[in-house]
Every structure is written in C-alpha cells, then in structure tokens.
Amino acid sequence: MSLVILLAVVVLAGAVLSVQAAINGRLGESVGVLRSSLLTFVVGAVSTGLLILFFEPAHAVSLLDVPKWQLTGALFGVVYMMVMVGAVPVVGTAVATVAVIVGQLGMGMLIDNFGWLGNPAIELSSSRILAMVCLGLALVFMYRSSRRVG
Amino acid sequence: MQTLDEVSVGAPATKSGLRLLLLPLVILAGMGLSVEAGLLGPLGVQVGHLWATLSIFGVGSAILFLLLLFAGPQKGPALTDLPRWQLIGGFLGPMYVVVLTLATPHIGIAMTMIAILSGQVGKSVLIDHFGWFGATRKKVNAERWLALGLIVVALVLIARG
C-alpha cells in the first residue's frame, strides 16, 4: 500500500474515532463511563469475532503463541480511560488534552527511534521534527479558538 | 483506544495542588496509548490484524466487565432502555484499531498519532463549516483553519519522509 493512501486511511480512522467519541460521550452521560465503555468493547469484540470467522485467512501463529506481554495493549487503554475520568474535572479539558498528546507523541517518537516493542526503528529525521513543530502550533491555535468560544 | 473528543465533556478546571500531581499521570496515560499502538503493530504482523484487534477488545471487555461487576455503579438506566443509535459506537472502534495495526509498521507510531489527530481535528472543522451530517452550520474562525492547515503541512512532511 502506498504511503499516501495509508496516511489517508489513518486520517479517516481519526475522523471515525471522533464520530464514535461523540456518540459514546452522549451514552456515557446517561449510563456512566464504565457501562458505555463495556458496551463499546463488547460490540467491538463480537463484530471483530464475526469478521474473523468469515473473512480472516489462517495464520501460522495464533494469539496463544506470542509472548504474553504482547497481549497487554488493552490494559493501557483501560488505564488511560480511568485516569481521564479522574483527572479531567481537576486539570480541565484543554490541559488534559495537551498533556495526553505530549505523552503520546513523546512516547511514540521514543518507540519509533529505538524500535522498542518489536517495532521497526525509524530514525528521527528533520522533517519529522518539523512535523511535530507544526502540530504543536496547530494545537496552540485550536485551544486559543476554543477558549474564545467557551 | 484513544478518544480525545470524549475528554471535552469534562468540567471546568479548578486550581489546586492536585493539578500538579495529576498532570504527570495524564502524560503517562498518553504515553500508554502509544505503547498500546506499539504493541499492536508487531502483533498484527504475526497473528493477523483482526486477531490483534480482537485481543484488544476481548481483554478490554473482560477487564471492564469485572470492574463494573465489583466496583461499578449499582443503579442507572439499563442499556436496553436507551435509543438504539447510541449503541452503534462499538462498531466504529474496531475500524480504528484495525487501521492502527495496519499503519504503525509502515509509518511509525508518532506519525500514526499525528494522522489520527488530524482526522479528528479535520472532521470537527469541516463538519462545523459545511454543516455535514445534519449538523448546524457554524462559522469556523481563522485560527481553526490555520490549525487545520498546519496539520496538513505536518502530514505532507511525514509523507515525504
């Protein structure tokens, strides 16, 4: 798959995630974060299970064969959710969002640069650093505009 | 899963020493999201993208079920009492996770996160401006267009390597 198409798909996934968050936000208000998250995860597991049964080709390696630490990804997602539920009312939405993005990108760059967790190492090039700077500026503008409205 | 928009439902900020204590925790939580993405990519290559996705949703469901059972709120409306459209969010999550497992081995984790973020920002700016999906048309101010422009520049920089 070419890089441009792949990037477009990832951007689209971000948009889909945003729609999901809007729907789930409404749901969470009425039934609570735990219940709305459980629903999201159960529906996700069941629909992925169906897709696997009918469309996934057989693989030589199964989930049971890989080292157990490779299966811990979901724990980080759940911990993230719990931290946000507790922290957002205290630190505020804007600060929490920026802090999350800082953590995400910082850790992302570390994993990429050193090739941690079995990922291919991608050296921190000047264009990558420039991309980060652009994103940082974009965040500043986003929050200035949302503060003025709020 | 990472959902920035869900965060924006939160209450206004209060000033206290707790803020400084919580901030590193929030940054750590954000780092956890990249670790999650970092685990997913190699896992997807080994066992298949859908199986990797199932591991996230399967383990997540199990943990949340136990949390809800032993520590969750006792009362509240049942899920079956809610309008059905509010329940479809669960179908969208797997799309996101599958794309994560597909993309990270090729463009890296940091860049995947930037692309995801630009999708989130772009969606809100464009939907507001053009009133797509039945949203009320709002004028999008210059600062948000500038932000979107900068994010597109960032994406172009990544695409060029």
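**View 1. Leu117(A), a buried loop residue of chain A.** With 20 C-beta neighbours inside 10 Å, Leu117(A) counts as buried (a residue is buried if 20 or more other C-beta atoms lie within 10 Å of its own, exposed if 12 or fewer, and partly exposed in between, with C-beta atoms placed from the backbone). Leu117(A) sits in the loop that joins helix H4 (93-114) to helix H5 (126-149) of chain A, where helices (H or I, at least four residues) and strands (E, at least two) are DSSP runs numbered from the N terminus. The phi angle of Leu117(A) is near 60°, a positive value in a residue other than glycine. Most residues other than glycine have a negative phi. This is a predicted model, in which local features need pLDDT of at least 70 and side-chain atom pairs count only at pLDDT 80 or more, whereas totals for chains, interfaces and linings use all residues. Residues are numbered from 1 along each chain as its sequence is written, and chains are lettered from A and ligands numbered from 1 in the order in which they are written.

**View 2. The fold of chain A.** Chain A has five helices and zero strands, and its pattern along the sequence reads α-α-α-α-α. The radius of gyration of chain A, at 19 Å, is well over the 15 Å that the globule rule gives for 150 residues, so chain A is more spread out than a compact globule (the radius is taken over C-alpha atoms, and the rule is 2.2 Å times the number of residues to the power 0.38). The C-alpha trace of chain A spans about 55 × 45 × 30 Å along its principal axes, and buried residues make up 45% of the 150 residues.

View 3. An unreviewed UniProt entry carries the annotation "transmembrane region" for residues 37-55, 75-105 and 125-143 of chain A; UniProt positions are given in the numbering used here, feature names are shortened, and annotations may be inferred rather than shown by experiment. Residues 37-55 of chain A are 100% helix and 0% strand, with end C-alpha atoms 26 Å apart, and residues 125-143 of chain A are 95% helix and 0% strand, with end C-alpha atoms 28 Å apart.

**View 4. Ala74(A) against chain B.** Ala74(A) belongs to helix H3 (residues 73-91) of chain A and is buried, with 24 other C-beta atoms within 10 Å. Leaving aside residues up to four places away in sequence, Ala74(A) touches Ile56(B), Val59(B), Gly60(B) and Ile63(B), where contact requires C-beta atoms, placed from the backbone, to lie within 7 Å. Across the two chains, 108 residues of chain B are in contact with 101 residues of chain A. H2(B) gives the most to the side of chain B that touches chain A, with 24 residues. By class, that side has 67 nonpolar, 33 polar and eight charged residues (Ala, Val, Leu, Ile, Met, Phe, Trp, Tyr, Cys and Pro count as nonpolar, Asp, Glu, Lys and Arg as charged, and the others, Gly among them, as polar).

**View 5. Helix H6 of chain B.** The 19 residues of helix H6 (residues 142-160) of chain B should span 27 Å at 1.5 Å a residue, and the end C-alpha atoms are 27 Å apart, which agrees; the expected span is 1.5 Å times one less than the number of residues. The buried residues of H6(B) include Arg144(B), Leu148(B), Ile151(B), Leu155(B) and Ile158(B).
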